[in-house]
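Student: Please take a close look at the aromatic pairs in this model. Before that, say how the chain as a whole is built.

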Amino acid sequence: MSIACEPLIQSDVALAGRTWFRLGGSAQNFCAPNDVAELRNALHWARSKNVPVRVLGGGANLLVRDGSLGGLVISLSQPAFCGVSFDGDRVKVGAGVDLMHLSRDCSYDGLAGLECLAGIPGTVGGAIAMNAGGRFGSIGDSVERVRLIDRAGVIVDRDVSQMCFAYRQSALEDRIVLEAVLKLRQEPVDEVKRRYQDNWRFKKDSQPLAAHSAGCIFKNPEGDVAGRLIDRAGLKGFSRGRARVSEIHGNFIVADEGATASDVLEVLEYVRETVLKKTGVRLETEIDVW
Ligand code: EPU
C-alpha cells in the first residue's frame with residue numbers, strides 16, 4: 001500500500017546545522033509536515049516501518065551522534081505549528097514557536113511570566129517536553145493547558161496538573177506537543193522588561209553564550225549544583241579532541257571548530273566519572289543524546 005506522506009520524507013538530512021552544538025550526523029529520514037494531517041501520515045509511516053520517531057525542536061538541548069541516525073526525525077517548523085495568538089493575559093502558541101522570541105516579546109509587552117526564560121533557546125514544544133527553565137523559574141509555571149498528539153495520531157488536551165511538571169521533566173511520555181495555552185499576568189511594562197533584562201544579563205555574565213554548546217549538560221543533583229561540583233573537581237578547561245569543559249561555567253561543554261560528537265561524549269563521560277569519584281554524586285545528563 002502506498003502511503004500519502006512518503007514523498008514528504010527526505011533522506012539523509014544533515015542535522016548539525018539544526019543544533020546549537022553545530023555537529024553530529026544526519027537523519028536517515030526527516031519530515032517537516034505542513035499540517036496535522038501530514039504529521040499523522042508521517043507518524044503512520046514510522047509505525048508501518050516500525051521505526052522510532054524523534055522530534056527535533058530548536059536543537060538547543062541536543063547532541064546528535066556522528067554518523068547516520070535511523071528512524072524518523074520530525075520537525076514542527078512549518079507555519080502551521082508556529083502560530084502565536086494573544087487573548088488578554090493568555091497566549092496560545094504552537095510547538096514550533098521560538099522560545100527566546102516569545103519570552104522577549106511577552107516581557108516587552110508587559111505580559112509577565114516568561115521573563116524567567118530570558119535567553120533560553122529552543123522551541124515551545126521542546127521547552128514544555130523538558131520543562132525548560134533556570135534559577136528564575138520554568139515554563140511549566142506559566143502553562144495552562146497543552147494539546148498533544150500521540151504516536152497513533154490521536155489528539156488529546158491536558159491541563160497543567162496532568163502535565164506533572166517538575167525539575168526538567170513533564171508527563172509527556174511518547175506524545176508530541178502541538179500547542180499550548182500559557183497564562184501570563186498583565187503588569188507594568190517597565191517592571192517586566194527590567195526583570196527580563198536582569199535575567200538576560202545574569203545569563204550573559206555567567207555562561208559561554210558565544211561558543212557552540214547545548215547549555216547545561218547535566219541536571220543539578222538534589223541539593224547541589226552540577227556546575228559547582230565540576231568546577232570544584234578541577235575540570236574546567238578539560239578537553240578531548242576539539243571539545244572542552246567551559247572555563248566560564250563548569251556545566252557547559254563547548255565545541256570548537258572541527259569537534260565531533262564523540263569528542264563531546266568523551267568529555268561528558270570523563271566529567272561524570274571524575275565527579276563521581278571525587279564526590280560520590282552521579283550526574284544525570286540533562287541534554288538529549290541521539
Ligand atoms: N558555579 C560555580 N562554578 C561554575 C558554575 C556555577 O561555582 O562553573 C556556582 C555559581 O557560582 C552559583 C551556583 O553554582 O553559586 C549556580 O550556578 P548558576 O547560577 O549558573 O546556575 P546553574 O544551576 O548552574 C541553572 C540552569 C541553567 C540556567 C541557570 C540560570 C540547570 C542544570 N541549569 O544553572 O540552565 O541558565 O540556572 O537561570 O538547571 C540549561 O538548562 O541549559 C541551563 C543553562
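Tutor: With 290 residues, a compact globule would have a radius of gyration near 19 Å, and the protein chain agrees, because its value is 19 Å. That radius is taken over C-alpha atoms, and the globule rule is 2.2 Å times the number of residues to the power 0.38. This is a predicted model, in which local features need pLDDT of at least 70 and side-chain atom pairs count only at pLDDT 80 or more, while totals for chains, interfaces and linings use all residues. Residues are numbered from 1 along each chain as its sequence is written, and side-chain values use heavy atoms, leaving out hydrogens and water.

Of the 290 residues in the protein chain, 48% are buried (under 20% relative accessible area; exposed is over 50%, partly exposed in between, with a 1.4 Å probe and protein chains only).

Now the rings. The whole structure holds three aromatic pairs (Phe, Tyr or Trp rings, the six-membered one for Trp, with centres within 6.5 Å; planes under 30 degrees apart are stacked, over 60 edge-to-face, the rest tilted). One of them, Y108 with Y196, is edge-to-face, at 5.6 Å centre to centre and 90° between the planes. Y108 lies in helix α2 (residues 99-108) and Y196 in helix α5 (residues 189-206), 88 residues apart. Helices here are DSSP runs of H or I, at least four residues, and strands are runs of E, at least two, numbered from the N terminus. Y108 is partly exposed at 34%, whereas Y196 is buried at 4%.

F238 and Y270 are stacked, because their centres lie 4.1 Å apart and their planes at 10°.
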